[in-house]
Amino acid sequence: MPDRIEHDSLGDWAVPADADYGVHTARAAANFPITGTLLCHYPELIIALAMTKKAAAEANAELGALDPKIARAIAKACDRLIAGENHDNFIVDMVQGGAGTSTNMNANEVIANMALRELGEPRGRYDVVNPNDHVNLSQSTNDVYPTAVRLTMLREVPMLVKSQELLVAAFEAKAREFHDIIKVGRTQLMDAVPMRLGSEFKAFAVTVGEDIERLREFSSLLREVNLGGTAIGTGINTPRDYSRIVIGRLAGISGVPLVPAGDLIEATSDMGAFVTFSGVLKRIAVKLSKICNDLRLLNSGPRAGLGEIRLPAVQAGSSIMPGKVNPVIPEVVNQIAYQVIGNDLTVTLGAEAGQLQLNAMEPVIVFNILQSMRMLSRGMTVLREKCIEGIEADAERCRELLENSLVAVTALNPYIGYAEASRVAKTALSSRSSIRDVVLAEKLMTEAQLAQAFSNETLLGQKDR
């Protein structure tokens, strides 16, 4: 099938005859071979774009700006995109120049050609349904693109929250399972005081869980959109009351309670909500990475390390060392965290780089936030399913390390004082004796006093549950 020739202000361009995209999309695909990650790799963004275009068509028809027949054809095309059809025609790279114009034009052209088929017309009959004059009516990239990406993020937050909630539940289950195992607590990688292994896992659950509300709280900033502001927020080329109506339509279509920005000019150039939201993603990543560092340390060995827990073996660990098994799941989550942290810096720099009434760096902001959300959600699922749920405790190893450590010496402070307890610890360490043996040999305390000092109630603290 021969290509069809489409024309724009720069001249003619050959487009595959069976493609639903057009000349603007084809030029952009050729201009931006950047990441290899295309719009079609983020179907959630395509769906949000389609929802936005459908809302615009309906609002324009309601206000008498668009022929109802064309509006219905556009809406049907959008519904098919929302249902997951035809995403392979979104071929523009996620990172692009032009402040997202290529993304918007890709959507305009695909929807126009799909609408043409709804009307029984061939692709490219833009005199019947035009990508700019009809699909993009009362719109600009500068209000459609930021609105669609905010909607995308808001619709993806529940999945990220669900991943967090399930991970919290997995840590809590292990906290209950390990409640009766007493072990050495450590600060600065040095023996500190006794604690429950269950308490360690409970702390993991709490630190992940507290960011659920932070994520919900700060994602709400994304609900404020500039749709209807068009090019710079002045609303040029829109019917009266269009902004209110189109945002209401979009909220109804998406099920997301979007609200108009208080100042559309300010909202068109401001990336503050993205910076704040990305910061929460970074916070989640940092905490996950710290937890995974702990899991790797606690699992280290199995004989020459701490070895207090056993992570599930999911694959061979070496091409040369038989039997070696590595903590690959925590390792991959560490790497996810590093990527998210780096993404946050990119978001920050992109937001700062805005000039005057628009921020042309929005595509890289969007790409990095969506990547962070996807990686965190998938990473937490993998961590839970392939690691946390299968962790086993080595109770005997925990007991052995506890009994041979000097952590119990802190409990002697109320009886013999800090200085004397410190001396006892040094004596026990140099003589490779236990704290109990040194104290009894030097007649510093009675057996009854030692029993009280070394009881679980004392060693674990009065706040222990």
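Contact here means heavy atoms within 4.5 Å. This is a predicted model, where local features need pLDDT of at least 70 and side-chain atom pairs count only at pLDDT 80 or more, while totals for chains, interfaces and linings use all residues. Residues are numbered from 1 along each chain as its sequence is written, and side-chain values use heavy atoms, with hydrogens and water left out.

**View 1. Phe201 and its surroundings.** Leaving out neighbours within four places in sequence, Phe201 is in contact with Phe171, Lys174, Ala175, Phe178, Leu295, Ile309 and Ile391. Phe201 has 0% relative accessibility, so it counts as buried (under 20% relative accessible area; exposed is over 50%, partly exposed in between, with a 1.4 Å probe and protein chains only).

**View 2. The aromatic pairs around Phe201.** Searching the whole structure turns up 4 aromatic pairs (ring centres of Phe, Tyr or Trp, the last by its six-membered ring, within 6.5 Å; planes under 30 degrees apart are stacked, over 60 edge-to-face, the rest tilted). Take Phe171 and Phe201: their ring centres sit 6.3 Å apart with the planes at 50°, so this pair is tilted. Phe171 belongs to helix H6 and Phe201 to helix H7 (residues 197-219), so the pair ties together parts 30 residues apart in sequence (helices are DSSP runs of H or I, at least four residues; strands are runs of E, at least two; both are numbered from the N terminus). Phe178 and Phe201 pair up edge-to-face, at 5.3 Å centre to centre and 75° between the planes. Since Phe178 is in the loop between H6 and strand S3 (182-187) and Phe201 is in helix H7, that pair ties together parts 23 residues apart in sequence. Phe178 is buried too, at 2% relative accessibility. Phe171, Phe178, Phe201 and Phe204 form one aromatic cluster.

**View 3. The nonpolar cores.** The largest nonpolar core has 113 residues, and Ile74, Phe201, Leu295 and Leu383 touch the most other members (a core is a set of buried Ala, Val, Leu, Ile, Met, Phe, Trp, Tyr and Cys residues joined through side-chain atoms within 4.5 Å). Helix H6 (residues 141-177) gives this core its largest share, 15 residues. Apart from this core lies another, of 17 residues, among them Ala411, Val424, Ala453 and Leu459.

View 4. Val286, Tyr338 and Ile341 make a nonpolar surface patch of about 270 Å² (patch residues have over 30% relative accessible area and no salt bridge; nonpolar side chains, namely Val, Leu, Ile, Met, Phe, Trp and Tyr, are joined within 5 Å, like charges within 9 Å; a salt bridge puts a side-chain nitrogen of Lys or Arg within 4 Å of a carboxyl oxygen of Asp or Glu; areas are Shrake-Rupley with a 1.4 Å probe, and for residues only the protein chains shown count as cover). Ile341 lies in helix H11 (residues 328-352) and, at 33% relative accessibility, counts as partly exposed.
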